[in-house]
Amino acid sequence: KSFRNEITPGNFIFRTREFEQMEVEFFVEPGTDAEWHQYWIDTRTDWYVDLGISRENLRHYEHPKEKLSHYSTRTVDIEYRFGFVGSEWGELEGIANRTDFDLSEHSKHSGQDLSYFDQAKGERWVPYVIEPSGGLTRSLMAFLVEAYAEDEAPNAKGGVDKRTVLRLDPRLAPTKAAVLPLSRHEDLSPAARDLAAELRTYWNVEFDDAGAIGRRYRRQDEVGTPYCITIDFETLEDQAVTIRERDSMVQERVAISQVRGWLAERLAGC
């Protein structure tokens, strides 16, 4: 957790007085620092892309030499295209080559030797530090902005409705699946509740039986739930359910006994 010593930081939720920070201190051998620095720039960029951010909405900002911190040989920011008024780009994280400044200063003031002896080379050296430092809440904001979309979905009357959908990567979606009985009929609810209870031992699963099925689909779309599982009257005959995928709205019939395995294949890492 980090804090800004500012009375009016501005930029509302983008620049808050209190925020969560993700930070790594990666120690490397002097002379390999430039290569490792570039590695972390590429790796951290790929992390955002892997979780759903388009590369077109990311860019690298190279700090000018004259504006670098005194201990840094190179600092690069990863920025996201938030679309702010006045400046559409905002910083997600900075990745700095801090040289041996940190450990040298610690040694100087503590009197402790923080050098490293490389047995393979028979050499002793003070490690350089590569420091990726990103804002957790800014990253979350970027994922939400990237995932938000509006499209059209068919309705029960044969027409189409405007749909709001949060296309979050399943690993980021708070709820992984929702179990929706077609109605509150006494023959459907018990089976739906039993399935939801089984799946909750593996993932965060919601049960919703309030309102028309179309409206329940929309509610789950808006919060980014990747899969909706519908139990209908055919389920009583064939022991199968309909699973609807959020983004494509494609529906597939799956046996109740295979639902957990079906989801496990698609929710890897969740």
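**Domains.** I started with the domain assignment of the protein chain, which gives domain 1 (2–144) and domain 2 (168–267); such bounds come from an automatic or database assignment. Residues are numbered from 1 along each chain as its sequence is written, and side-chain values use heavy atoms, with hydrogens and water left out.

**Confidence.** I looked up pLDDT (the predictor's confidence in each residue, from 0 to 100). The protein chain averages 92, and 94% of the residues score at least 70. Which element has the lowest confidence? That is strand E1 (residues 2–3), with a mean of 66, whereas helix H1 (residues 33–50) is highest at 98. Helices (H or I, at least four residues) and strands (E, at least two) are DSSP runs, numbered from the N terminus. Where pLDDT is low, predicted coordinates should not be read in detail.

I took the centres of domain 1 and domain 2 over C-alpha atoms and got 41 Å between them. Contact (heavy atoms within 4.5 Å) takes 4 residues from domain 1 and 4 residues from domain 2. Next came buried area, meaning the accessible area (1.4 Å probe) that two parts lose on being put together, summed over both. Domain 1 and domain 2 bury about 360 Å² between them, with 64% of it on carbon and sulfur atoms. On the domain 1 side, Asp50, Leu51 and Phe143 lose the most area to domain 2, together 89% of what that side buries.

How many salt bridges are there between domain 1 and domain 2? I count 1, using a side-chain nitrogen of Lys or Arg within 4 Å of a carboxyl oxygen of Asp or Glu. Aspartate 50 pairs with arginine 171 in a salt bridge, with the closest N and O atoms 2.9 Å apart.

**Salt bridges overall.** The structure holds 26 salt bridges. I picked out arginine 59 with glutamate 79, whose closest N and O atoms are 2.6 Å apart. Arginine 59 sits in strand E5 (residues 58–62) and glutamate 79 in strand E6 (residues 74–81), so this pair ties together parts that are 20 residues apart in sequence.

**Glutamate 29.** I found glutamate 29 in the loop between strand E4 (26–28) and H1. Leaving out residues up to four places away in sequence, glutamate 29 touches Asp118, Lys121, Glu123 and Trp125.

How values were computed: This is a predicted model: local features need pLDDT of at least 70, side-chain atom pairs count only at pLDDT 80 or more; totals for chains, interfaces and linings use all residues.
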